Each structure stands twice: as C-alpha cells, then as structure tokens.
Amino acid sequence: MTLSPLATQHCQPRKGADHALDRATIDGYLKDLPGWTVSEDGKAIVKDFPFKDFHHTLGFINAVGFMANQEDHHPDLEAGYGHCHILWSTHDVGGLSLNDFICAARVEALLDR
C-alpha cells in the first residue's frame with residue numbers, strides 16, 4: 001500500500017460551516033481511503049477494523065488515540081473482541097472537514113504493512 005498524501009498532512013483548527021466539505025470533495029478523498037464510508041447522516045466517515053483478538057484491538061486503539069492527541073482531533077471509537085469501529089467528524093463545522101480525512105489516512109498508515 002502507498003501512503004496517501006493525506007497522511008502526510010496535519011490537522012489545523014477548523015471552525016464554521018465554511019470549512020465543511022461538499023459531497024464531491026468528500027467522494028474524492030474517499031477514493032484514497034479504502035473501506036471508509038460516509039455515515040447515513042452524511043456528517044461522518046466510518047470504518048470497522050477487524051483484528052484477531054482483543055489484545056490487537058486494544059493496541060490499535062492506543063495507537064489511534066496517541067495519533068489523535070498529537071493531531072488534536074479525536075474520533076468516536078467502539079470496540080469489541082476482534083474489532084474497532086472508528087467514526088471521524090468535525091463538530092465545529094457540523095460535518096466533515098479535511099481534518100477527518102487526514103486522520104483517517106493516518107489510521108490507514110498505522111496498519112500499512
């Protein structure tokens with residue numbers, strides 16, 4: 001897998017509707033993020049990551065948490081035995097911003113083998 005150019009960027013403060021992305025831009029970014037989809041309400045991107053056991057799931061969650069803190073942009077996480085569901089959204093813009101796609105790409109980079 002090749003590192004997405006999004007994964008080399010860093011999050012910036014984004015507030016207000018002028019930073020919300022339109023559907024065409026969202027669809028363009030999703031092409032670089034296999035398996036990520038837009039939530040039903042269109043205000044988030046989501047993906048479920050499978051793992052062989054809880055130990056690996058928890059390691060992934062810790063890595064995502066570390067990265068999210070560095071970027072000061074935090075996802076919603078749901079975890080269970082062998083999987084972690086991630087949801088990225090930018091509440092300050094009322095939907096999706098470039099930060100969500102940067103962080104999703106950085107998550108993918110964590111798993112790039």
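Predicted model: local features only at pLDDT ≥ 70, side-chain atom pairs only at ≥ 80, totals over all residues.

The points below take up these topics in turn.

1. Geometry of the helix pair. Two packed helices are described by the angle between their axes and the distance between the axes. For helix α2 (residues 54-71) and helix α3 (residues 98-111), the angle is about 140° and the axes lie 10 Å apart. The crossing of α2 and α3 is right-handed.

2. Composition of the helix contact. On the α2 side, the contact is made by F60, A63, V64, M67 and E71. Their counterparts in α3 are C103, R106, V107, L110 and L111. Of the residues in this contact, eight are nonpolar and two are charged, while no polar residue takes part.

3. K15 is exposed, its relative accessible area being 58%. D92, with a relative accessibility of 45%, is partly exposed.

4. Surroundings of K15. Apart from residues up to four places away in sequence, K15 touches D92 and V93. A separation of another kind is found between K15 and I86: these residues are 71 apart along the chain, and their C-alpha atoms are separated by 22 Å.

5. The pair R23-D27. A salt bridge also joins the side chains of R23 and D27, with an N to O distance of 2.9 Å. Both residues lie in helix α1, four residues apart, or about one turn of the helix. R23 is partly exposed, at 48% relative accessibility. D27 is partly exposed as well, with a relative accessible area of 31%.

6. The pair K47-E108. The side chains of K47 and E108 form a salt bridge with an N to O distance of 2.8 Å. This pair links distant parts of the chain, since K47 is in strand β2 (residues 45-50) and E108 is in helix α3, 61 residues apart. Are these two residues buried or exposed? Both K47 and E108 are buried.

7. Backbone of D72. Phi of D72 is near 55°, a positive value in a residue other than glycine. D72 is placed in the loop between α2 and β3 (76-80). D72 is exposed, with a relative accessible area of 63%.

8. T90 and its contacts. T90 lies in the loop between β4 and α3. With a relative accessible area of 5%, T90 is under the 20% limit and therefore counts as buried. Which residues does T90 touch, leaving out those up to four places away in sequence? The contacts are R14, H73, G95, S97, N99 and D100.

9. D18 in the segment before α1. D18 lies in the segment before α1 and is exposed, at a relative accessible area of 67%. D18 and S97 are 79 residues apart in sequence, with a C-alpha to C-alpha distance of 9.5 Å. S97 is also one of the residues that T90 touches.

10. A79 in strand β3. A79 is found in strand β3 and is partly exposed, with a relative accessible area of 45%. Setting aside neighbours within four places in sequence, A79 is in contact with T57, I61 and C84. The C-alpha atoms of A79 and F54 are 8.7 Å apart in space, the two residues being 25 apart in sequence.

Notes
Residues numbered from 1 in each chain as written. Heavy atoms only, no water. Axes fitted to C-alpha atoms, helices over the stretch in contact; angles between N-to-C directions. Helix = DSSP H or I, 4+ residues; strand = E, 2+ residues; numbered from the N terminus. Left-handed = near helix turned anticlockwise from the far one by under 90°. Contact = heavy atoms within 4.5 Å. Nonpolar A, V, L, I, M, F, W, Y, C, P; charged D, E, K, R; others polar. Buried < 20%, exposed > 50% of the residue type's maximum accessible area, 1.4 Å probe, protein only. Salt bridge = Lys/Arg side-chain N within 4 Å of Asp/Glu carboxyl O.
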